[in-house]
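Please walk through this protein with its sequence and its three-dimensional structure side by side. The paragraphs below go from one region to the next.

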Amino acid sequence: MQKNILQIALDVPLDRLFDYLDGGVDVQIGQRVVVPFGTRKVVGVVVGISETSEFAIEKLKSIVQVFDGEPPIDADTFVLLRFCADYYQYPFGQALLASLPTRLRQIEPAVSRKQFLYKLTPEGLQASIDEIPSRQVVQRKIFLALQQGSLTEATLKDISASWRPAIESFRDKGWIQAEQVLAGFKSSNQAVPPPVLNEEQTFAVNQVIESTNTFKPFLLHGITGSGKTEVYMQILQQILTDPDSQALVLVPEINLTPQLEARFRNRLPHFPLVSLHSNLSESERLQNWRLAQSGQARIIIGTRLAVFTPIPNLKVVLVDEEHDGSYKQQDSMRYHARDVAMVRAQRNQVPIVMGSATPALESWQNAQTGKYTLLSLNSRAVAQSALPNIRCLDTTKLESENGLTPVLVNAMRERLDRGEQSLLFINRRGYSPVLLCSACHWIAPCMRCSSRLVVHLKQGRLRCHHCGHEQKMVRQCPSCGNADLHPTGHGTQRLEETLKQLFPSARIQRVDRDSTSRKEALNDILNAVHANEIDILIGTQMLAKGHDFPNLTLVGVIDTDSALFSPDFRAAERLFAQLMQVSGRAGRAEKVGEVLIQTAFPSHHLFNALRSQDYPAYAQTLLQEREMAQFPPFCYLALLRAESSNYRDVEAFLNFAFELARSLSQQVLTYDPMRAQMEKLKGMERGQILMQATQRGALQKLLASLTPQLRASKLAAKVRWSVDVDPMEF
Ligand code: ADP
Ligand code: ZN
Ligand code: ZN
């Protein structure tokens with residue numbers, strides 16, 4: 001009798017498929033099954049069916065169950081994940097299972113709760129807001145909203161997290177009726193009419209539309225407010241007129257999803273839209289994913305993981321804020337969603353549009369060489385919103401107290417007096433200190449790799465985090481003889497305290513990971529800013545994006561100099577992007593904004609480019625620097641990281657890997673093992689090896705034979721290790 005042998009992907013850290021017998025049940029490729037694995041039962045996905053196995057058939061176990069009521073996962077999705085698993089050196093089974101909604105990783109048939117649309121009954125329409133006690137704030141809000149029209153659960157949730165009791169109380173009164181709908185589908189609204197596009201926008205839209213059904217990458221470059229989102233919406237409008245079409249829209253952060261989603265829904269209400277991000281309940285996530293998979297959802301908008309969603313009729317991919325670091329996954333499979341989107345567009349032969357005010361240098365370089373087609377929007381779409389006034393405050397000439405110059409303090413006081421808002425932007429990313437001469441601006445360089453040395457004060461040493469070179473601290477500037485050398489960068493923790501003393505009556509709000517860890521916290525803060533309940537905001541990059549604050553007229557930037565001279569070669573690029581974005585916050589309405597930047601280096605070319613809002617000029621400079629130093633995009637990098645409670649184990653593993661890598665490839669430059677920048681984290685001693693190549697292929701070839709050998713080595717069992725291809729953090 002013919003045996004069917006199922007090749008099954010499992011969520012286990014081994015890069016192979018597992019053979020099982022079908023147990024006489026009819027099973028298709030792409031279906032979820034439950035199989036015995038060791039002493040457990042686990043969920044797997046059938047990715048192949050064969051008549052033979054390299055194992056003895058009689059030793060194979062049979063699957064326990066197949067979820068045959070569910071639509072199978074398509075071959076396209078497998079191929080994409082297979083590619084990523086290979087490229088990013090990660091087990092395919094784990095990559096595949098991790099890409100599925102949680103419900104599909106559980107040993108249960110995946111069902112999602114039904115979704116309802118709520119509307120007022122004739123009785124409810126007769127009712128008056130005065131019948132709801134004034135302390136029932138949520139009830140009142142929801143009632144007012146219902147008077148405007150029917151609401152989905154998602155919208156209700158946006159109004160208040162505790163919407164359910166309110167709805168129940170209305171139902172008890174007979175005010176409300178519910179009808180079942182598909183999740184994510186809005187009751188048909190009148191479409192908001194689109195503006196007439198300007199010439200550059202029209203050109204951009206036409207270029208993309210002409211490339212329908214072919215793979216063509218576009219880089220849409222334009223400052224905030226130049227009308228990129230309008231371009232996206234017109235592209236969608238035109239491409240989606242084909243009834244068998246779907247679009248994937250990637251956004252960098254959950255925080256930005258609701259805004260973009262709302263704009264898309266208003267403009268394109270006829271196209272069912274679903275969102276996919278980690279703020280959804282598991283049930284919603286599953287449902288939205290299924291709607292994408294079935295082709296019913298026409299627009300799929302989501303954060304990085306959404307790039308793996310099955311979308312059978314994909315016709316266009318849009319990547320908003322393509323330079324954003326959050327597209328890079330920092331654990332498990334360390335993929336870059338923009339790069340995966342590119343691969344996906346290529347496989348599907350569809351156009352991909354990447355938009356940004358400050359494109360990643362990798363993308364900009366591709367646009368220069370013609371690999372991407374550059375589409376530029378050079379003016380703000382709405383003429384009357386003028387660009388802000390950008391000025392540097394020289395901290396070497398101005399006295400400053402607790403890190404604030406009097407000019408900045410006065411500017412803030414003026415805003416307070418006028419009832420306007422200020423934003424103080426701090427760059428809190430853990431930039432490591434470099435050794436800087438205050439007299440001649442000499443910075444301790446690495447002799448071996450044109451990187452900058454990092455100060456390790458405790459050990460009194462300087463280290464290169466690129467190649468591992470290490471030396472004693474320099475006491476005197478070799479360039480000018482000055483003995484006043486000190487690490488740059490000082491604390492910003494006390495800023496809030498200082499401001500409270502300076503402006504005791506001002507309403508001050510800090511926005512960072514701590515103050516926004518609660519799910520709704522950031523939204524509450526943003527609402528408070530809009531309601532003018534906050535005078536001074538102190539924020540990191542979280543604030544820099546996407547939000548429109550019409551009453552915010554001053555942006556103060558402090559403590560950025562460490563990024564200008566960071567040993568991380570991407571720090572300057574990131575700083576420029578952040579400052580462009582943050583200066584876009586000032587004065588977006590009729591009031592002209594002012595941006596004041598405190599720096600010891602007012603003539604640095606970064607600030608010159610910023611003042612003229614000239615990204616191309618700055619990108620040009622940075623690219624020249626990168627080319628000279630042979631950093632990406634002029635080379636390709638991979639980082640092997642390892643950690644253990646005992647550094648000896650890390651060393652043994654990395655030494656082994658180092659020797660192996662050297663013997664495997666001459667085309668790839670493998671640097672010596674070294675300590676990680678953060679030497680110790682959560683009790684783990686950390687080390688790493690950097691690999692560098694001028695050809696992507698050479699690096700891939702090395703990794704393809706290195707990783708399996710590392711997996712098989714005994715030394716690997718004593719450490720936690722990972723490979724990061726195209727790393728963004730070092
Ligand atoms: P971006 O995405 O580049 O930040 P948006 O597309 O959000 O820019 O445009 C900024 C503002 O200008 C929005 O309010 C948008 O509706 C408006 N806008 C964009 N293009 C036009 C246009 N051609 N005519 C009128 N208003 C426009
Ligand atoms: Zn000097
Ligand atoms: Zn070095």
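Strand 1 (residues 5-10) and strand 4 pair in the antiparallel sense, over six bridges, where strands are DSSP runs (E, at least two residues; helices are H or I runs of at least four), numbered from the N terminus, and two strands count as paired if DSSP finds at least two bridges between them. This is a predicted model, in which local features need pLDDT of at least 70 and side-chain atom pairs count only at pLDDT 80 or more, while totals for chains, interfaces and linings use all residues. Residues are numbered from 1 along each chain as its sequence is written, chains are lettered from A and ligands numbered from 1 in the order in which they are written, and side-chain values use heavy atoms, with hydrogens and water left out.

Within this pairing, Leu-10 stands opposite Gly-44 of strand 4. The two strands belong to an open sheet of five strands with antiparallel pairing, in the order 2-1-4-3-5, and its edges are strand 2 (18-21) and strand 5 (65-66), each of which pairs on one side only. Strand 4 (residues 40-50) also contains Ser-50, which is buried at a relative accessible area of 17%; buried means under 20%, exposed over 50% and partly exposed in between, with a 1.4 Å probe and protein chains only. The side chain of Ser-50 reaches the backbone oxygen of Thr-52 at 3.0 Å, a polar contact in the sense of N or O atoms within 3.5 Å, where within protein one atom must be able to donate a hydrogen and the other to accept it, and residues adjacent in sequence count only through two side-chain atoms.

A nitrogen atom of the ligand is 2.8 Å from a side-chain N or O atom of Gln-201, whereas oxygen atoms of ligand 1 take part in the contacts with Glu-230, at 3.0 Å, and with Arg-263, at 2.7 Å. The protein covers 73% of the 550 Å² of accessible area that ligand 1 has on its own, as computed by the Shrake-Rupley method with a 1.4 Å probe.

The zinc ion (ligand 2) has Cys-437, Cys-440, Cys-477 and Cys-480 as its protein donors, each through SG, at 2.3 to 2.4 Å; donors are N, O and S atoms within 2.8 Å of the metal (3.2 Å for Na, K and Ca). The angles among the four donor atoms are 105 to 112°, and the site is tetrahedral, a label that requires all angles to lie between 85 and 135 degrees. Cys-440 lies in the loop between strand 18 (435-437) and strand 19 (453-456) and Cys-480 in the loop between strand 21 (470-472) and strand 22 (485-487), so this pair ties together parts that are 40 residues apart in sequence. Both are partly exposed, Cys-440 at 31% and Cys-480 at 41% relative accessibility.

Finally, strand 26 (residues 594-599) is largely enclosed by the rest of the structure, because six of its six residues are buried. Strand 26 pairs in the parallel sense with strand 16 (residues 389-394) over six bridges and with strand 25 (residues 552-558) over four. Ile-597 is the bridge partner of Cys-392 and also stands opposite Val-557.

Definitions and conventions
Four donors count as tetrahedral if all angles lie between 85 and 135 degrees; four count as square planar and six as octahedral if opposite donors are over 155 degrees apart and all others between 65 and 115; anything else is irregular.
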